[in-house]
Amino acid sequence: MKIGILSRGPQNHSTRSLTEAALNAGHTVEILDPFGFYLHIGGPKNRITYHGKPIEGLDVVIPRLSRTTAQYGEEVVAHFEWIGTPVINRAKPIAAARHKFHSLRILAQHGLPIPPSLTVGSSEFLENAVAEMGDYPFILKPFYGTHGRGVMLLDTLTSLTSTVDALCDLHHDYVIQAFITEAKGVDIRVLVVGGEAIAAMKRSAPPGEFRANIHKGGVGEMVALPEAYINTAIKAAMALELEIAGVDLLQTNEGPVVLEVNPSPGFEELEAVTGINIAAAIIEFAAKFAQEH
């Protein structure tokens, strides 16, 4: 089977691991830079070329899109879908999951628990709006972002209002969320592949930090998840129509709360913590997916 991996980073851990796992399983692999594609519509033929040559014979495509490649990469993914190549994940689900507010709406529409969340176009009625969400502090996070970049913790009305004013003046869109104090700087990352939760870890923020992201110094450890957390993670991935997803959960007194869902999750730390060969599981699923589609 010929597997295409959309990635600008051939030396990235996830890309290297997927390549190795595919080769070990007897498949062939092409690592394809999303910016190397030309997408043809109309004219002699609707097609896709790579570095000036037709791209043919791919049985399945696995997108590994970063923040910088996501926008054009989604068009590449959509074009592969259009010409009939199986893709894991598809373009619209990737776009929906990347947009933090849009994804929260979809999760809520499917009855999944999320933190109280708000987005605004001005600060005019901000005081009354956030009062409905609970007490200070509040989290601000950009509509798009990874690794905790751009996420702020604001603990007064003055700091919240001045920040929202500045962001609105700059035409930057942010989500305002209730800060779940009982989570205590800890979240749960669950990797879902093909409707199954295959690995999970607990991430704890370092002292003085509220973000548990590994890129912000968070520390991961293996965790045995209750059934409710496993089911919530799987349902979140299904709600966003993602075959592969990193689902971030918060532990609360009422049970799991979905923080966000990553459509192109890294898994280096998760493999190190759990000892699970995640890349092999993804490649095994991709092969079955290609055969079924």
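Guide: Start with His51. Its relative accessibility is 57%, so His51 counts as exposed; the cut-off for that label is over 50%. Keep in mind that this is a predicted model. His51 sits in the loop between β4 and β5 (53-54). Its backbone deserves a look too. The phi of His51 is positive, about 50°, although the residue is not a glycine.

Find Glu241 in the loop between α7 and β14 (244-252). With a relative accessible area of 46%, Glu241 is partly exposed. A positive phi turns up at a glycine as well: Gly111, which follows α4, has a phi near 75°.

Now go back to the loops and the surface. Ile41 lies in the loop between β3 (37-40) and β4 (47-50). Ile41 counts as exposed because its relative accessibility is 66%. Together with Trp82 and Ile83, Ile41 forms a nonpolar patch on the surface. The accessible area of the three together is about 330 Å².

Next comes the loop between α2 (70-82) and α3 (91-98), where Thr85 lies. At 13% relative accessibility, Thr85 counts as buried. Beyond residues up to four places away in sequence, Thr85 touches Leu58, Val61 and Phe80. Asn89 is in the loop between α2 and α3 too. A cis peptide bond joins Ile88 to Asn89, with omega about 0°. Another cis bond runs from Tyr136 to Pro137, where omega is near 5°. Pro137 belongs to the loop between α5 (126-131) and β8.

Turn to the helices. In α4 (residues 100-109), the buried residues are Lys100, Phe101, Ser103, Leu104, Ile106 and Leu107. Several elements cover them, including α3, β7 (117-118), β8 (138-142), β10 (174-178), α7 (227-239) and β15 (255-262). Helix α6 (residues 157-169) holds Ser159. Ser159 counts as buried, at 19% relative accessibility. Its side chain makes a polar contact of 3.0 Å with the side chain of Thr156.

Finish inside. The largest nonpolar core has 25 residues, and Ile278 and Ile282 touch the most other members. Elements giving two or more residues to this core are β1 (2-6), α1 (13-24), β6 (60-63), β11 (186-193), β12 (196-204), α8 (268-274) and α9 (278-292). Helix α9 gives the most, with eight residues. Look at Ile278 in particular. Apart from neighbours within four places in sequence, Ile278 is in contact with Leu191, Ile198, Ala199, Phe267, Leu270 and Glu271. There is also a second, separate core of 22 residues. Among its members are Leu107, Tyr229, Ala245 and Val258.

Conventions:
Residues numbered from 1 in each chain as written. Predicted model: local features only at pLDDT ≥ 70, side-chain atom pairs only at ≥ 80, totals over all residues. Heavy atoms only, no water. Helix = DSSP H or I, 4+ residues; strand = E, 2+ residues; numbered from the N terminus. Buried < 20%, exposed > 50% of the residue type's maximum accessible area, 1.4 Å probe, protein only. Contact = heavy atoms within 4.5 Å. Polar contact = N/O pair within 3.5 Å; in protein donor to acceptor, adjacent residues only side chain to side chain. Core = buried A, V, L, I, M, F, W, Y, C linked by side-chain atoms within 4.5 Å. Patch = residues over 30% accessible without salt bridge, like charges linked within 9 Å, V, L, I, M, F, W, Y side chains within 5 Å. Areas by Shrake-Rupley, 256 points an atom, 1.4 Å probe, with all protein chains shown as cover. Salt bridge = Lys/Arg side-chain N within 4 Å of Asp/Glu carboxyl O.
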